[in-house]
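Hi,

Here is the structure I said I would pass on.

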Amino acid sequence: MIMSENKNWTPKIVAFCCNWCSYAGADLAGNNRLEYPGNVKIIRIPCSCRLNPLFILRAFQRGADGVILCGCHPGDCHYSTGNYFARRRMTLLFSMLDFLGIEKGRTRVEWCSAAEGVRFAGIMNDFVKQITELGECKKLEDVRCKTN
Amino acid sequence: MLSIAADKIDSLFELIGSKQPLYLPVDNNSGKADFKKWEKGVKLSSALKTVRSAKDFFFPKTEHMVSYKVCGKEIEVEDPRKDVEDFVIFGVRACDAKGFECIDNVYMHMNPQDSYYTNRREHGTVITLACNEPVKECFCSTYGIDASLAKASGDVSSWCADGTFYFAANTDKGKKFLEAAASVLKDADDKAVEATKKSISEKIEKLPFAHLDISKLGKVTPEQMNKIFDKDNKTKIWEKASEACLGCGTCTYVCPTCMCFDVRDFATGTDKGIRQVRCWDSCMYNDFTQMAAENPRHTQKERSRQRFMHKLVYYPMAHEGLFSCVGCGRCLESCPVNMNIVKVIKMIQEAGEL
Amino acid sequence: MQDKLIARAKELLAEGKVQKVVGWKKGLFEDDITPAVFTTAEELDKDFVFNKYCKANLSKYLVKITREIEVAKSTTRMNNTMAKQRDPNAEDKPIPQAVVLVFLKPSDTYSFTQLLKENRITRGDVYAIGVPCQDTLDGGDVCENCKNKKPVSCDELIGIEADIEPVESARMAEVAKLEAMTADERDAFWKNEFSRCLRCNACRDICPACTCEKCVFDNNKLYTSQKVAETNFEESLFHIIRAWHVAGRCTDCGECSRVCPQHIPLYLLNRKFIKDINEIYGEYQAGSDMETKPAMLTFNAEGDPETTIVYDRSHDKEAE
């Protein structure tokens, strides 16, 4: 069920991928011609720990409907401990966003290694499906930065 | 004098509110009152003061000034001033109404005129309401403001006495308003109103700050000015006065006479439209009057001093003795560290030997 | 109580043990109290007051005052070094020692300890006296459910015991109530509250955990500047970001909600973070000691749950 006033709405997803594992995983998915929707925009960051919560808020401000952070598996971070901090940070942030009314389903953290191209495509397909069901996110949108 | 029973006041609101926007003080879920647009079911608050003053309607928190868009070789300009409709504000206290006069002096009667403010002033009808129960933080009488509305204030003056609201028009706009409401209003004599005015005046006389002596503040001599300003920090009065100040700006936002603003531009989206907005600014912020090199008012002491000198000394000097403070007492109630202008008045009087 | 405190302060001033006193100053009415610095016994006698309206948390003023003391010391040390270079027989000027006396209510002592932990206050420059809360009850829900009754890090206590049993408090009840609504109901609640926000920044300015030299909101180039918000987004944004920045460091002193001119219940946001941290990462009270690292600055490699715990812990009503 697509919930949106705009009949032409398609979900806009922002995916922050850590350079060493998940971005390489995305590359692998591409090399193997695995399909996932084109409305996922990937932003490469050096480590999942680089993700400042302000980036997530900025994404929602500019009209994103869902934000996902992909990083190395815990214990395998290229910088040893980055994803442990990211895990704590994101847990609290998502809980707070939920407390303020942004549904839990709009944010996610997934761990995906460089060898898991199939897994990456699967995550993206699943997330897009989830956001499509949740519908358009108008709660944090800022009319001054609309992208359309 | 026209009147309506207090328990029927909703019918007056409905009559007016269904034709044009009507704003009145309403209790919100924190237990304080704020001006809200009337809609069915909204009840008039019995609070003495709203947290923010009524200046919000003529000088709003944020105001869209203009938008530009490039269409080929043309530039399309959108002017939101034409979208302002006639509106009515009910329940404005005498202090807030006097505050309009202070802002009018600068934005309406000086050149260049502030057309946004003037536009809203022309569209607004102000209905003042006398203060039945003034509180200890009020000191409007110091500035000659009459909370019992014995002097005409706003477009229509109103009183609540003996379970009845009474109205008297002061201007043509006021007369028009009462004509539009004629179907729910009855004729009445002014006996109850006179009694209320007298009882309010008596209550005001008993307030602790009913008559602070500000007679000399409006015309200080250069010698007194030097003592008050304390440029060389000899008496350290401003340091002591501002040591707890956080520079948060709350006082400027709740004050009925503070009128500084900042203008900002935003690019809206990929069609390259530009939207210009003005919003309230506060002289207490550390980037107020920020220039390329630096901010000439380095510390909170200079900023606090500037604000109080502006309200009590500079503004009356420029505007024939009219003070830029109306004694509403909101700064006393809202300041996080309880600084307030009454303490400063006493301090200035002592320092300048006024 | 007030007389005891004034007497002790005068004693310490007279003995030269402290040079400044940070306390509360009388105003025009009983409930009109301003934080102030006293330097003489006369000033204390004239203006010092201690009653149930002394809610202000004085620990934040110590940041500025101790920095002034330290700067005076290091300037003198530097001048001494320069003088020696010019003339090896030059006499060292004495390093100006100064100590400031501060009165801290139990809740304030936690903010004080937190600031010490973050190296914002120099411990040697402060003489802290713990004093009891005078039933400052009309702080609303924040004071009613205060957990911080046991004072920490004080040099001396007057009128209060060092060992107080921790109190069972219902301070998370309102947070739990909000958690039990649907996401849309919560959104409506917060949009309603934040619509009154003036961006006066009083909450940030009074918060003892917000001591950044240049706050992220002081930057006019960013969309988070300190002026009045133009859109809903900016109003909410300020509060989300500020609650986030103090997460794990907030001692739940309640000052933010007390000073808000529009009476927005900001303590709910900070308590939500505290509740989450307590439940997911273990009970933690910011500022209770000098050693424990705050939750956001540490991790437990094996023990930390995945972010999906946000779903498992959810108490949302089922939306229709």
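The contact between chains C and A takes 31 residues from chain C and 32 residues from chain A, where two residues are in contact if their C-beta atoms, placed from the backbone, lie within 7 Å. On the chain C side, helices H6 (173-179), H7 (183-194), H9 (232-245), H11 and H12 (309-312) each supply at least two residues; helices (H or I, at least four residues) and strands (E, at least two) are DSSP runs, numbered from the N terminus. H9(C) gives the largest share of that side, 7 residues. By class, the side of chain C that touches chain A divides into 19 nonpolar, 4 polar and 8 charged residues. For the classes, Ala, Val, Leu, Ile, Met, Phe, Trp, Tyr, Cys and Pro count as nonpolar, Asp, Glu, Lys and Arg as charged, and the others, Gly among them, as polar.

Before you go further: this is a predicted model, with local features needing pLDDT of at least 70 and side-chain atom pairs counting only at pLDDT 80 or more, while totals for chains, interfaces and linings use all residues. Residues are numbered from 1 along each chain as its sequence is written, and chains are lettered from A and ligands numbered from 1 in the order in which they are written.

H3 (residues 82-99) of chain A packs against H11 (residues 267-281) of chain C at about 135°, with axes 10 Å apart. The axes are lines fitted to C-alpha atoms, for helices over the stretch in contact, and angles run from 0 to 180 degrees between N-to-C directions. H3(A) and H11(C) are therefore oblique to each other (under 35 degrees counts as roughly parallel, over 145 as roughly antiparallel, 65 to 115 as roughly perpendicular and the rest as oblique). H3(A) brings A:Thr91, A:Leu92, A:Ser95, A:Met96 and A:Phe99 to the contact, and H11(C) brings C:Lys272, C:Phe273, C:Asp276 and C:Ile280. That makes 5 nonpolar, 2 polar and 2 charged residues.

C:Ile280 also turns up in another pairing: C:Pro305 is 25 residues from C:Ile280 in sequence and 7.6 Å from it in space, C-alpha to C-alpha. C:Pro305 sits in the loop between H11 and H12 of chain C.

Now chain C as a whole. It has 12 helices and 5 strands, and its C-alpha atoms fill a box of roughly 85 × 50 × 45 Å along the principal axes. Buried residues make up 42% of the 320 residues in chain C.

Chain C is divided into domain 1 (2-157) and domain 2 (173-312), with bounds from an automatic or database domain assignment. Their centres, taken over C-alpha atoms, are 27 Å apart. Across the boundary, 22 residues of domain 1 of chain C are in contact with 18 of domain 2 of chain C. H4(C) gives the most to the domain 1 side, with 9 residues.

Chain B gets domain 1 (2-59 + 84-205) and domain 2 (217-256 + 283-351). The centres of these chain B domains are 29 Å apart over C-alpha atoms, and 18 residues of domain 1 of chain B touch 17 of domain 2 of chain B.

Cheers

Note on methods
A residue is buried if 20 or more other C-beta atoms lie within 10 Å of its own, exposed if 12 or fewer, and partly exposed in between; C-beta atoms are placed from the backbone.
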